[in-house]
Structures are given as structure tokens and as C-alpha cells.
Amino acid sequence: MIRHRWFRRPHQRRAAGHRPAEAPLTSGQMSWLLLCAGLTLALHLPWQPGWAGTLVSVLLLWRVLMSWRGWRPPHSLILLLLTCAAGIGVRFEYGYFFGKDPGVSLLALLLALKLLETRKARDLRSSLLLCFFLQLAAFLEDQTPLMAVLVLSAAWLALTALVSLSDAEAGARSQLRSSATLIGQGLPLMLLLFLLFPRIEGPLWGMPADAFSGRTGLSDSMTPGSISQLSESAEIVMRARFAGELPPRNALYWRGPVLSNFDGRSWTPGLASEAPAPSYLPDGDNYPYQLTLEAHGKRWLTALDHSRGEDPRLRYTSDYRLLAQQPLHSRLRLQLTAYPEARIGIDEHPLQLAAARKLPPEHNPRTRALAARLTADSPRAEVILERALAHFRAAGLAYTLRPPLLGHDSVDEFLFDTRQGFCEHFASAFAVLLRAAGLPVRIVTGYQGGEINPVDGNLVIRQLDAHAWTEVWLAERGWVRVDPTYAAAPQRIDDGLAAALADEAFLPFTLRSNSPWLRYLRLNWEAAADAWNQRVLGFNPQRQAELLRNIGLDAGNRARLFGLILLGASLSMLFLLLWLNRPQRTGDELDRLWQNFSRKLARHQPVLARQAAEGPLDYVRRLASALPAQRKEIEAIGAEYARLRYGPPLSPAIAAATRRQLRTRIEHFSPR
């Protein structure tokens, strides 16, 4: 009976021609792998749950200590239990497996666990494949220039680890140079495909349901404290570049969600219709500008009051917001013109005005009493409005990023008890007071102000510029912007958030005014990041079509475009073939020593030069016959060279000592 080959005994399998067992990884190969895995895992730590990041760090440290101290790898049962625990932890953390966040967390944990059992070349290749996947996934979280540099560095380390498998005897510098050469060889083809390969508006495949999760920013509702939390973030929301004069700072109101419904604590949007064109007429000064918005996952666009453009992707609402046709999942650049003085809502529908007067019953009785006093002898809206602003100026209200918590009657407690609040407290209290006085009023949230970057001339708007103000409806004037925060803290509008706060410690560290060198670095970095966004990440189908037109090609002519790509790829491959077949320079250190030995003998007698196809042992035998007096020296040199070049892998210490001994023998060898 013939047994299947997998049921043969070990010596039978070896006799049948099976490959011998792989040699264990050298310390250099393991070091490259750990460096690559460490950097790859570090890219994801800011977005991982605390327990997952801690577990990954502990497992990676464990593997480093195994290599350093020579510890034995853990038992396979321990690895199995850890793997099951990691999977269960991910399932409990996210509630599902199939998505970006749980998928990345699971891959990171599996990579850290795989390192614990990595001992041979096959394990190293598997670990590097996981590294490549995680490097690609890092761009789902962040696409900044820094992330690109870090991912490229991690890929470089991964290639170096692969190079070390094929050339274990080469030094670290030589291995790094070889992997850098591989990257350099691929750059021309990559650049060609980046510029010429046809681009599409959407992704090639569907993204996971949670691909755009984890984004924070302005919400479409407002409660006490919701905006003040954003003011501790220096994250950039958008950039604006004006074609001409910059609007005055007190006109830099970037309109976002409009909130009309109030339940006693929270403000939410009212009903609004959409249209392909704005319902107001342009009026007053106009400011053309280019707006670049960061992704936030919502349809609304925070644009300068009141902006309009010719872009077909834009929609306009009846409460004068700007919308995109689809949620903003990627960076968007628009050409707009703002008319801050345009009159809006002059013919507002009575139902909308009635909704803007509603207040929940049994809330804020002291504010209602104040409203009654403001309207006691004059029902005119302008007079009531001026009296309400005068009360805010004289009430001793303090602008702070850390207001006290408020209870059931939040407006009463703010106006008469704590007297401390942020912009949402001022806007909410002012709106409730005017509604109690019978005026139609609503709240607008968005951003106010911005910072000019002198490096590139952009006006940069951040999360900390988040703001809330009110709009009051006045007959024959329509909706008029009134900012109650300005009444109590005018420096917030005139000079920005930092000027309005007594303590700068609440500001992000990079934005504190007492660090000029930090400000210089930040401004230059942000200008470089914007250039990266515009030229690389913003290279969309429209910009590609413009580039092709400039070089005399039509983006619609697919056959010519693909022909050009094929020609460029062919030329790139031809260049690589010519480069690979160029006259080779001297090889590694071992080859150089062997060639030096041959040159010494050739100078003594030309016939003793090594032939191109002559192996080291044949060459040594011929030399020993020609120089019998030096037979022992020649055979020792040949044996050491053959051992290093063709023998089984040696430990790094033995290999280095043998190489030094060979170098000494060749340097002192003198044929006679």
C-alpha cells in the first residue's frame, strides 16, 4: 500500500525531496520587522480604544524583550486564548465586526499577536502583509502630509525587512539603500498613473458603514456647553481665500445650522425647503472668495453670510443656509461670492414667524417677567430690541469657557444667578427673552472670525471659532443678525476667542500667543498642509481634465489617454531594464575581498587571474597547484570565503569574526 506523502515519516519526506526546515530569522531581520510593525501600529494608536492600544503596546514590548533577552515564545494555547480575547473585546467594544473601526482594531491586535510566534521567513512575510494592510488603512483616519511621510517610512522599513531575507549578510546601510532604490524605481510609474489614470468622482467600491465615523464638530442642535467644548480644539474646519479686500472682522459670520425649535433646554432646526437658487437678491458690498471645507459628514456648508455660487452641486434653503447635494465625506472646494448686507426674509411666511415666537410653558419665569418690563410702555420691536441689548450690557455677564452647570430654568439661572456663560448661553438667553417679549427670533450656529495665515494668505477657521448668534425679524428689514455676545464681550468678535478669555490655559497649546516660535512653525506647517491638500488630495477629475488640456490632450479621448499611459509605462519598464542590465559595480564586502585576492594573483602572474565562470573551490585548487609553497594559506582563504558565501547561515558574531579573519588573511597575502 502506498501512503500519502503527508503520512510519511520525517526521514522519508526528506528522502523524497522535501525542502529542509527554514533557518530561524537573524537578529537583523527580526529588528527590521519589529521596527516596521512598531511604526505601523503607532500610526493607529490615536484612534484605537484605550484597552486595545494598551494591549498592542504590551504585546509589542513582549516581543522586543523576547528578542533582546532570548525568551522562549509563548505556548500556542496562550496565543489562541489571547486571540479569542482580542476578538471578543473588539466585538464588545464596537458591537459588530464588519466595519472600518473594528476591522482596523482587529488587524492591529492580530499583527501584535503574530509577532509573538514569528520565527522564520514565512512568518516574517505574513507579518509584513499585515503591516502593508494597516499602512493603507491609516489613510482612512488621516491624510495629512505627516501621515504620508510616516506611512512611506513604514513601507520603507517593510521593504528593508524583505531585502534582508534575500541578502542577510549585507549591512543595515546596504539593505536600506536597496529598499530605497526599489521605492525610487517605482516612483516614475506611480507619478504617471497619478497624473494620467482616469479619475472618478466616487470610490471604486463601497466604504464600510462606519468609514466616516468619529468626526466631531458643529452639531445641528445646541444645548448649554455644546459649543464651548469645540473651543478647546485647534482643528481646522475650513479655509477661505478672498480675491480682493477681506471683509471687516465683525462681518465674518460663517453661517451653519439655523435653529428655531426650543424645548426649554435644547435648540433644534425647524422646517425648511430647498431650492437650486437663493431666494434673496444680491445687495451691498460683495466679496468673491474660494472656500475649502473639510469633511464633516453633514450636508450643510458653513459659508459667509450670504453666499452664492454657480456650482450645480449647491442647494439653498428657505432659512438661507447653503447645502451640498450629498453629505460632505471628502474635502470640498467652492468658488463663492458673499453679500453680507443682503436683506433676507422680508416677506417671511406668517407660519415661520409664529414658529419663531414659540416658547415652552413653565420655563424661565424670571426671564418672562423681565420681558414684560421691557415691553411695558412700548410695543415697537426696535425699542424692545435695544432695551434687551442694554440689559445684557449692564447685567455684568461674564464670558467664560467653563460656565457652571444649569438646571431646569437654564436661562433664568444664567441671567440672574451664575451670570457666566459661553456664546450659546448668551444666544439662547437673548432669544428666549425676545420671544417672551413677542418678537420672532431664531438662533444661528456656525463660526465667527478666523486667522489670516501670512505664509499663504488664507483665512483659517478652526473649531475654536465656533459661535452662536441670533436673528431677529423686523418689519421692512427682514431677518437681522444680532449678536448678544458682542454686547457683553465685544473683544470676542473684534479680536477673537483668545482676547475674550481671561485665562489662555484653556486654549490649545499651539495657539497660545506667548509662543511666537510655535506660532511660526504652526503657520508654515498649515500652509504646507494646505498646499498638499490642494495639489495632491485635491487632484480631482476637473483638475486632471485641466492638466490634460494644457498638454494638448482631451480627457474624453479614452483611447489616446490609455495609449499614453501604456507608452509611459513601457518607457518606464525599458528604463528599468536598461538600469538593471548596466555594467555592475563591485558587489558586497565579501565579493570585494575575493576580487582583491584575485587581482593580487593576477598582478603576480596574469595566468592566475580568476576566470568568470570559475567557482571558488576550483580556483583554489588551481592556485594551490601553481603556488605549492602557499597551499595552506590559499586553501584557508578559499575555505573561509566558501563558508561565508555558500555555507549554512552563521550567527552574526561568528560571521563577523570569520569575515575579519578573511580580510586579514587577504591583506597580508603576498604571492611568491
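A salt bridge is taken here as a side-chain nitrogen of Lys or Arg within 4 Å of a carboxyl oxygen of Asp or Glu. The model is a predicted one, in which local features need pLDDT of at least 70 and side-chain atom pairs count only at pLDDT 80 or more, whereas totals for chains, interfaces and linings use all residues. Residues are numbered from 1 along each chain as its sequence is written, and side-chain values use heavy atoms, with hydrogens and water left out.

Side chains of opposite charge can pair when their charged atoms come close. Across the whole structure, a search finds 29 salt bridges, and one of them joins R631 to E635, with an N to O distance of 3.6 Å. Because these two residues are four apart in helix α22 (residues 631–646), about one helical turn separates R631 from E635; helices here are DSSP runs of H or I with at least four residues, strands are runs of E with at least two, and both are numbered from the N terminus. R631 is partly exposed at 37% relative accessibility, and E635 is likewise partly exposed at 37%, where buried means under 20% relative accessible area, exposed over 50%, and partly exposed in between (1.4 Å probe, protein chains only).

A second pair brings D377 and R387 together, their closest N and O atoms being 2.7 Å apart. This pair links distant parts of the chain, 10 residues apart, since D377 sits in the loop between α10 (365–374) and α11 (381–394) while R387 belongs to helix α11. D377 is exposed, with a relative accessible area of 61%, whereas R387 is partly exposed at 27%.

The salt bridge between the side chains of K114 and D123, at 3.5 Å from N to O, involves buried residues: K114 has a relative accessible area of 17%, and D123 has one of 13%. Elsewhere, salt bridges link R255, D305, R442, E471 and R481 into a network.

Which residues gather in a patch of negative charge on the surface? They are E245, D283, D285 and E341, where a patch is made of residues with over 30% relative accessible area and no salt bridge, like charges being joined within 9 Å, and where Asp and Glu count as negative.

Technical notes. Patches are made of residues with over 30% relative accessible area and no salt bridge: like charges are joined within 9 Å, nonpolar side chains (Val, Leu, Ile, Met, Phe, Trp, Tyr) within 5 Å. Accessible areas come from the Shrake-Rupley method with a 1.4 Å probe; for residues, only the protein chains shown count as cover. The place of a charge is taken as NZ of Lys, CZ of Arg, CG of Asp or CD of Glu.
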